[in-house]
Amino acid sequence: MSTSSLSPLIDENVQTLAQLAQLLGRVSAHDYQRPLGAKGTQSLGKHIRHILEHYQTLLDACATAPTKAVLDYEERLREAALETRPGYAGERVEAFQAELEALADRPHDAALTLSYPVEVDGADDSLALPTSLGRELAFLTSHSIHHMALLGLLCEQLGITLPEHFGVHPSTLRYWEQQRSVS
């Protein structure tokens with residue numbers, strides 16, 4: 001079965017962001033900013049900022065040029081407040097959920113262009129890659145879940161308990177459910 005509706009992709013992203021909101025509601029500002037990892041270069045806040053700025057990039061592109069928008073994930077704002085203030089990040093999560101839901105009336109194949117930076121003959125350049133709103137929403141789910149899996153490991157170091165399926169991709173959850181139904 002195939003669908004042309006964005007609703008399933010939007011739902012996955014809204015649910016992914018809801019998991020982030022749960023984490024943001026449990027973490028102190030100290031733990032959110034705390035340097036982690038062997039080199040002390042990781043933090044919960046850095047990963048969450050990174051995730052949220054990808055959403056911001058797509059949403060900004062859709063808002064400024066609803067048809068044939070250009071987006072560039074490398075040209076993010078890198079807003080320090082998102083990695084230092086969990087409450088502020090939580091507010092942004094809620095706003096992004098609403099903005100994503102507002103995209104539901106658009107077709108999944110709404111044309112976008114991804115500007116992807118490359119180096120050509122020693123000089124910076126970029127490729128203009130055709131993509132679609134549906135494809136970018138699928139990317140955001142996978143990208144976010146990947147970082148959330150890393151967040152889960154960092155939370156373990158901090159003794160922060162997360163929901164059982166935090167950082168597990170929706171496709172994996174569906175597979176697990178199918179396996180339970182078969183056995």
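**Salt bridges**

I searched the whole structure, and seven salt bridges turned up. I keep in mind that this is a predicted model.

**Entry 1: Asp31 and Arg34**

I started with Asp31 and Arg34, whose side chains form a salt bridge at 3.8 Å, N to O. Are the two residues buried or exposed? Asp31 is buried, at a relative accessible area of 16%. Arg34 is partly exposed, and I noted 36% for its relative accessible area.

**Entry 2: Arg76 and Glu53**

Next I looked up Arg76 and Glu53, which meet through their side chains in a salt bridge of 3.6 Å, N to O. Where do the two partners sit? Arg76 is in the loop between strand S1 (69-71) and helix H4 (80-84), while Glu53 belongs to helix H3 (residues 44-64), so this pair ties together parts that are 23 residues apart in sequence. I checked burial too: Arg76 has 12% relative accessibility and counts as buried, because the cut-off is under 20%. Glu53 also counts as buried, with 4% relative accessibility.

**Entry 3: Glu177 and Arg180**

Then I went to Glu177 and Arg180, where the salt bridge is 2.7 Å, N to O. Both residues lie in helix H7 (residues 170-182), and they are three residues apart, about one turn of the helix. Glu177 is partly exposed, at 42% relative accessibility.

Which residues are joined into one network? I found Arg49, Glu53, Arg76 and Glu83 linked by salt bridges that share partners.

**Entry 4: stepping back**

I turned to the whole chain and counted seven helices and three strands. Going along the sequence, I read the pattern as α-α-α-β-α-α-β-β-α-α.

How does the radius of gyration fit a compact globule? A compact globule of 183 residues would have one near 16 Å, and the chain has 17 Å, which agrees. I also noted the box that the C-alpha atoms fill, roughly 50 × 45 × 30 Å along the principal axes.

Of the 183 residues in the chain, 45% are buried. I looked at contacts with a separation of 6 or more, and 72% of them are between residues 24 or more positions apart. The chain exposes about 10000 Å², with 52% of that supplied by carbon and sulfur atoms.

Methods:
Residues numbered from 1 in each chain as written. Predicted model: local features only at pLDDT ≥ 70, side-chain atom pairs only at ≥ 80, totals over all residues. Heavy atoms only, no water. Salt bridge = Lys/Arg side-chain N within 4 Å of Asp/Glu carboxyl O. Buried < 20%, exposed > 50% of the residue type's maximum accessible area, 1.4 Å probe, protein only. Helix = DSSP H or I, 4+ residues; strand = E, 2+ residues; numbered from the N terminus. Rg over C-alpha atoms; globule rule 2.2 N^0.38 Å. Contact = heavy atoms within 4.5 Å. Areas by Shrake-Rupley, 256 points an atom, 1.4 Å probe, with all protein chains shown as cover.
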